Amino acid sequence: MPNPDIDTPLDIDTLLRERRLLMVGGKGGVGKTTVASALALRAAALDRRVLLVSTDPAHSLADAFDCEIGDRETTLTANLTGLEIDPDSEVDAHLERVRAQMARFAGADQRPELERQLRLSRQSPGAQEAALLERITTLMDQQDRFDLIIFDTAPTGHTLRLLSLPELMAAWSEGLLKQNRRTEQLGKVLGHLTPGRDLESPLGEPEERELEGLDERGRALAAPLLERQRRFHRARRRLQDTSDTGFVFVLTPERLPILETERAVASLSEARIPVAGMIINRVLPDEVEGAFFRARRAREQRLLADIDQRLGALPRLTLPLLADDIQGRAALEAFAERFSQPR
């Protein structure tokens with residue numbers, strides 16, 4: 001049985017009232033989107049203006065609410081707006097912005113190389129994550145329109161990439177700018193952008209003095225890149241702010257979700273990003289009967305004990321396995337009521 005001494009309850013209503021940014025993550029198939037949707041509905045019922053954002057290309061948020069949402073802000077109910085970010089569209093839009101910006105400063109002999117780099121970037125590992133994170137950080141900068149933003153996303157990979165994106169951006173820029181010997185002024189821009197030259201650490205905050213010594217053309221190139229860096233830094237500071245942000249992990253009492261959650265919690269802890277708690281979903285209800293369910297329950301109790309051992313310091317909420325799927329606003333609202341009725 002779980003150890004009651006470390007079974008700290010997760011106060012969902014307090015979390016929804018006090019935080020302004022929640023990231024809901026977990027292994028695929030554990031009910032993460034359903035939980036994120038129910039959290040958003042409950043927060044809206046608490047009179048918070050909520051933006052619920054999904055980065056799932058399968059559009060599972062629309063499936064949960066049983067309505068079309070798409071890559072536009074869609075009113076789902078009073079105080080609740082939904083948005084599904086399309087990763088492929090984000091990559092295309094991101095690379096088009098880069099093309100327009102760099103084309104202003106590339107000579108005719110540079111442009112074939114620019115186009116080649118962009119084609120390679122479109123297919124490169126991490127391209128979707130980089131574009132998605134740019135959209136995510138832009139949404140985070142628009143917080144004044146909402147009291148709470150909930151991201152239905154896999155936090156570990158996105159967050160760790162967020163922490164490294166300023167340096168990766170500078171490295172990508174260096175590869176492009178080195179293609180032409182005539183870009184001495186752009187080389188100065190690179191020197192200003194590359195982490196570790198004017199900064200004490202690769203993750204240090206860009207400063208206004210980084211534009212010193214550049215002519216008007218160089219400033220025009222450097223300024224938007226520096227603003228992008230600053231936006232990533234602002235996002236990272238928010239992610240590390242325990243009063244503003246929290247990650248909520250959703251897992252089921254199964255071996256793989258437990259191990260994945262343990263690794264993710266360790267990674268976020270190392271990055272000093274707060275984990276608010278976990279929601280253990282689909283736990284067998286007490287009333288199930290029969291030899292099969294007794295065997296399943298015995299196995300489940302061992303796994304719940306394993307959760308206590310690996311993740312016992314995290315506040316938790318335990319939710320039962322339900323007899324039917326949760327789909328549509330009414331079903332999600334009924335599911336959200338269970339947040340105040342822990343097992």
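**Helix packing and aromatic pairs**

Visitor: At what angle do the axes of H2 and H12 cross?
Guide: In this predicted model, local features need pLDDT of at least 70, side-chain atom pairs count only at pLDDT 80 or more, and totals for chains, interfaces and linings use all residues. Residues are numbered from 1 along each chain as its sequence is written, and side-chain values use heavy atoms, without hydrogens and water. The axes (lines fitted to C-alpha atoms, for helices over the stretch in contact) of helix H2 (residues 32-45) and helix H12 (residues 329-337) come within 8 Å and cross at roughly 80°.

Visitor: Is H2 roughly parallel or roughly perpendicular to H12?
Guide: Angles under 35 degrees count as roughly parallel, over 145 as roughly antiparallel, 65 to 115 as roughly perpendicular and the rest as oblique. The crossing is at roughly 80°, so H2 is to H12 roughly perpendicular.

Visitor: How are the rings of Phe335 and Phe339 paired?
Guide: Rings of Phe, Tyr and Trp (its six-membered ring) pair if their centres lie within 6.5 Å; planes under 30 degrees apart count as stacked, over 60 as edge-to-face and the rest as tilted. The centres of Phe335 and Phe339 are 5.8 Å apart and the planes are at 65°, so the pair is edge-to-face.

Visitor: Is Phe292 buried or exposed?
Guide: Buried means under 20% relative accessible area, exposed over 50%, partly exposed in between (1.4 Å probe, protein chains only). Both Phe335 and Phe339 are buried, and Phe293, at 32%, is partly exposed. Phe292 has a relative accessible area of 56%, so Phe292 is exposed.

How values were computed: Axes fitted to C-alpha atoms, helices over the stretch in contact; angles between N-to-C directions. Helix = DSSP H or I, 4+ residues; strand = E, 2+ residues; numbered from the N terminus.
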